[in-house]
Amino acid sequence: MDFDFIPHWNNDQSEEKLKLLRTYSNLKNRTIYACKDGNGIVIEGEDIKFIGDIIKV
C-alpha cells in the first residue's frame, strides 16, 4: 500500500491546510487519506477497509 495517512483530521480544518495536503500529494505523487478521531483504515494483506468518513486527497 503506497499512501500517506493523516489521523485526527477535523472536517472544519482550514482550506489552507487542505491546499497544503493537495500540494504535497501532487509533488510526491502520493494519495493521502485523512480521517477524524474514531474513524480509520484497516489493512489486512492486500485488502484495505475504510471505517467512517475518510477524506481522499
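This is a predicted model: local features need pLDDT of at least 70, side-chain atom pairs count only at pLDDT 80 or more; totals for chains, interfaces and linings use all residues.
Phenylalanine 50 is located in strand β4, and its relative accessibility of 39% makes it partly exposed. The class follows because partly exposed covers the range between the buried limit of under 20% and the exposed limit of over 50%.

Next, turn to the aromatic rings. A pair of aromatic rings is described by two quantities, the distance of the centres and the angle of the planes. How many aromatic pairs does the count give? The count comes to two aromatic pairs.

For one of them, select phenylalanine 3 and tyrosine 33. Their rings form an edge-to-face aromatic pair, with 5.2 Å from centre to centre and 80° between the planes. The pair is called edge-to-face because its angle falls in the class of over 60 degrees. Phenylalanine 3 belongs to strand β1 (residues 3-6) and tyrosine 33 to strand β2 (residues 31-35), so the pair ties together parts that are 30 residues apart in sequence.

Is phenylalanine 3 buried or exposed? Phenylalanine 3 counts as buried, at 17% relative accessibility. Tyrosine 33 is also buried, with a relative accessible area of 13%.

Hold tyrosine 33 in the selection and bring back phenylalanine 50. Tyrosine 33 and phenylalanine 50 form a tilted aromatic pair: the centres are 5.0 Å apart and the angle between the planes is 50°. This pair links distant parts of the chain, with tyrosine 33 in strand β2 and phenylalanine 50 in strand β4 (residues 47-51), 17 residues apart.

Now display the three rings together. Phe3, Tyr33 and Phe50 form one aromatic cluster.

Phenylalanine 5 counts as partly exposed, at 38% relative accessibility. Which residues does phenylalanine 5 touch, if those up to four places away in sequence are not counted? The contacts are Tyr33, Cys35 and Ile41.

Methods
Residues are numbered from 1 along each chain as its sequence is written. Side-chain values use heavy atoms; hydrogens and water are left out. Rings of Phe, Tyr and Trp (its six-membered ring) pair if their centres lie within 6.5 Å; planes under 30 degrees apart count as stacked, over 60 as edge-to-face and the rest as tilted. Helices (H or I, at least four residues) and strands (E, at least two) are DSSP runs, numbered from the N terminus. Buried means under 20% relative accessible area, exposed over 50%, partly exposed in between (1.4 Å probe, protein chains only). Contact means heavy atoms within 4.5 Å.
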